[in-house]
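Reader: I am new to this structure. Please show me how to read its features, step by step.

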Amino acid sequence: MSGAPARTLLLWCPDWPVLAAEIVDGVPATDPVVVLHANRVVACSERARAEGVRRGLRRREAQGRCPQLTVVDHDPARDARAFEPVVAAVEEVVAGVEVIRPGACALAARGPSRYLGGEEAAAERIVEHVAQTCAVESQVGIADGVFAAGLAARDGRIVPPGGTPEFLAGLPVEALGRPTLTDLLRRLGVRTLGDFAALPPGDVLARFGFDGALAHRLAAGRDHRPLAVRQPPADLTVTADHDEPIDRVDAAAFAARTLAEQLHERLAAHGLACTRLGIEAVTAHGQELHRVWRHDGLLTAAAIADRVRWQLDGWLSGSNGRGGARPARPTAGIIRLRLVPDGVLAQAGLQPGLWGETGEERERAHRALSRVQGILGPEAVVTAVLGGGRSPADQVRLVPWGDERLPARPGPPPLPTVEPAVPPTGPTAPAGRTRAGAVARPESAGAVARPARNGGAARSGGAIPVPPWPGRIPPPAPAVVLPTPLPAAVHDAAGEPVVVSARLAVSAAPARLTVGAGRPAEVAGWAGPWPVDERWWAPAEARRRARFQVCLADGAALLLAVEGGQWLVEAIYD
């Protein structure tokens, strides 16, 4: 907090919330417009000010002064989103920009003033470039420190070096932007920043606290922190243009290796490593092929070259693969290759193992599967991802190899249980589920789990929290989930069909099971029902079913479901 503040150039866009509403929402800024927050005016257009509207007025008073006002709600996200092109335009002229707030950004004035021919020339160049690029009017102020530069920008003024305390001395205390402190200073007879800066710092700290001490430093022209400039991201993309189109795989592989080495050197120069790589190829006829390759570890130059070669090999060879899963052969040679490091991280290296590199076997498998994808397409190699759901089919999602393994439905892994999956019991309900069940409603859709009238809470070795998917089958999961459930018939010992009532009462204990046109099999044990009532709020999509686990006399275990009076075999246990 010591030392003279650096010369600062601050760009200020007047009435930025109003301009942002025009840029994003199309509200004409030339009309009387006000932006309201908490029912008070936070910004207004020039025409509204001409009608007497000022910041801080309540909505009713502002509309009383100007009945034709257009009212816009304050949206900080909209202001920041609209200001990003302005910051990008400033960065095209100078580097090291700090965004103070939407509508104002600052940078060190020393660099631009040296290579643009002075501070005044730098200010004119930046204002002109922003106007031409973004069609936004702005003003620039230059002074010692960010606070003084912001006040100088209100008048488009350049304060000479060392003249900042004198410039601030004549300004009212309202310039501090602290209404509570300003009101107290006014009542104490302190009306200008010069009067406030003349007070002893120790007395200011004792009377006004830490925030008052910071305001006292600002009033004296001493900023409490330096600029925190935004560093533009480094351009890590590498591109190779070829005058002669490449139509052979060996020539494409050679070009890929050279380009991969360039990318690897560029990443190493910035201390980065690539984990997700975008590969683009463009032909002379404008045909493009773009794919993103992922890698669990760090992509080396050889790994990058391999992935480029696999992708181009699969494209240039012209084989359509199984089912036409990959694009057809291009009609012209490749004239441009582009590598885009989409995911990078700090190069910290991987811990090597005692007998070779870490994950060497996994790396070989990844290279083989990635090569298959390069030939047959990304959907040719998929892996299973477990997620939430009530049926076994809902809990598994197939994703292409290398893509993010995100579940389709939220939910932790299945809760542990101490009971067998299919107990060899009769109609007595085992621990770990409800005999008459709980009607499951999906919480993600805003519904709740509704207990059945003759049911209770599920327990497993004592009280446990309600699982995130009520009505799901307890573990272990079945070994085989049938893509299309098989029709079945369940009968009791007397040969009568077993039915489940609307109140989840089973008519009799299952005794025999017939799957399709097969022979009846004796049921040695069963558990259930686990009822589920899904999407009850949408009649066209509503499903009401109950699931049972059955163990047959020959040792087979099945997962059954009854829906609309029809029994189905959904899965098979190992």
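Author: Start with the elements. Helices (H or I, at least four residues) and strands (E, at least two) are DSSP runs, numbered from the N terminus. Here the chain has 14 helices and 21 strands. This is a predicted model: local features need pLDDT of at least 70, side-chain atom pairs count only at pLDDT 80 or more, and totals for chains, interfaces and linings use all residues. Residues are numbered from 1 along each chain as its sequence is written, and side-chain values use heavy atoms, with hydrogens and water left out.

Reader: What share of the 574 residues is buried?

Author: Buried means under 20% relative accessible area; exposed is over 50%, and partly exposed lies in between (1.4 Å probe, protein chains only). In this chain, 41% of the 574 residues are buried.

Reader: Which residues have the most contacts inside the largest nonpolar core?

Author: In soluble globular proteins, nonpolar side chains tend to be buried together. A nonpolar core is a set of buried Ala, Val, Leu, Ile, Met, Phe, Trp, Tyr and Cys residues joined through side-chain atoms within 4.5 Å. The largest one here has 34 residues, and Leu 11, Trp 16, Val 86, Val 90, Ile 126 and Val 130 have the most contacts inside it. Elements giving two or more residues to this core include strand S1 (7-12), helix H4 (76-91) and helix H6 (119-134). H4 provides the largest share, 6 residues. A second, separate core has 29 residues, among them Ile 279 and Leu 312.

Reader: What does Val 130 touch?

Author: Contact means heavy atoms within 4.5 Å. Leaving aside residues up to four places away in sequence, Val 130 touches Leu 11, Val 86, Ala 89, Val 90, Ala 135, Val 136 and Ser 138.

Reader: How many disulfides does the structure hold?

Author: A disulfide is a covalent bond between the sulfur atoms of two cysteines. The test is a pair of cysteine sulfur atoms within 2.5 Å. This structure holds 0. Take Cys 105: its sulfur is 7.1 Å from the closest cysteine sulfur, in Cys 13, which is too far for a bond. Cys 13 counts as buried because its relative accessibility is 2%. Cys 105 is buried too, at 1%.

Reader: At what angle do H9 and H11 pack?

Author: Axes are lines fitted to C-alpha atoms, for helices over the stretch in contact, and angles run from 0 to 180 degrees between N-to-C directions. Helix H9 (residues 179-187) and helix H11 (residues 201-219) pack at about 105°, with axes 11 Å apart. Under 35 degrees counts as roughly parallel, over 145 as roughly antiparallel, 65 to 115 as roughly perpendicular and the rest as oblique. H9 and H11 are therefore roughly perpendicular. Leu 181, Leu 184 and Leu 185 of H9 meet Arg 207, Phe 208, Gly 212 and Ala 215 of H11.
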